Amino acid sequence: MVLQLVTDELGLEQKLKVAYSAWARGDTVALVSQCGEDCEFTLVGNAVLNPHAGLRVGIAGLTEVLAHFHRMFEVREFLIEKIVVKGEDAFVHWHSSLKFRPNGRVIDSERCDLIRFRGGLIQSIKCFYDSASMAITTGRAQVASADARISLPPAGLKVS
């Protein structure tokens, strides 16, 4: 509640910086305080390859997926590349270096989030990320061997 009182007068870009800072340090309580009660969180991707993929609705669903993510991953580095706010819509492009705790593998992750506000609170977050690299890092997918790769046509060759 105190965080909401402090952030009530902030613009949407500043609220996003507060929310992403909370995400980076694993502070789920501070992050969800920026969200509406019926907030929708969608991590685009295949749930077989990434258990965090899918739609979560409400503070409970958002809290659950964020807490699980931070149990599985350690955020090593975090950088917001760009925030664009237009009306009550926002786009955030960011990078992070994550360590997958169960096997120690590190992934350099890049994500783009589409965010919609309502009444100064986050109403929906739709996250786009490199799901293939995430699946490889977590051991849910394997890299194809060199002989199984499709060869590309020579440069300059026109394919119709």
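**Close-up views of a predicted model**

**View 1. Cys 127 and the cysteines.** Cys 127 counts as buried because its relative accessibility is 0% (buried means under 20% relative accessible area, exposed over 50%, partly exposed in between, with a 1.4 Å probe and protein chains only). Cys 127 is in no disulfide, and the nearest cysteine sulfur, that of Cys 39, is 9.7 Å away. A disulfide here is a pair of cysteine sulfur atoms within 2.5 Å, and by this rule the count is zero. The model is predicted: local features need pLDDT of at least 70 and side-chain atom pairs count only at pLDDT 80 or more, while totals for chains, interfaces and linings use all residues. Residues are numbered from 1 along each chain as its sequence is written, and side-chain values use heavy atoms, without hydrogens and water.

**View 2. Trp 23 and Phe 69.** These two residues form a tilted aromatic pair, 5.5 Å centre to centre with 35° between the planes (rings of Phe, Tyr and Trp, the last by its six-membered ring, pair if their centres lie within 6.5 Å; planes under 30 degrees apart count as stacked, over 60 as edge-to-face and the rest as tilted). Trp 23 is buried at 6% relative accessibility, and Phe 69 is buried at 11%.

**View 3. Phe 78 and Trp 94.** The ring centres of Phe 78 and Trp 94 are 5.1 Å apart and the planes meet at 50°, so this pair is tilted. Phe 78 is partly exposed at 26% relative accessibility, whereas Trp 94 is buried at 2%.
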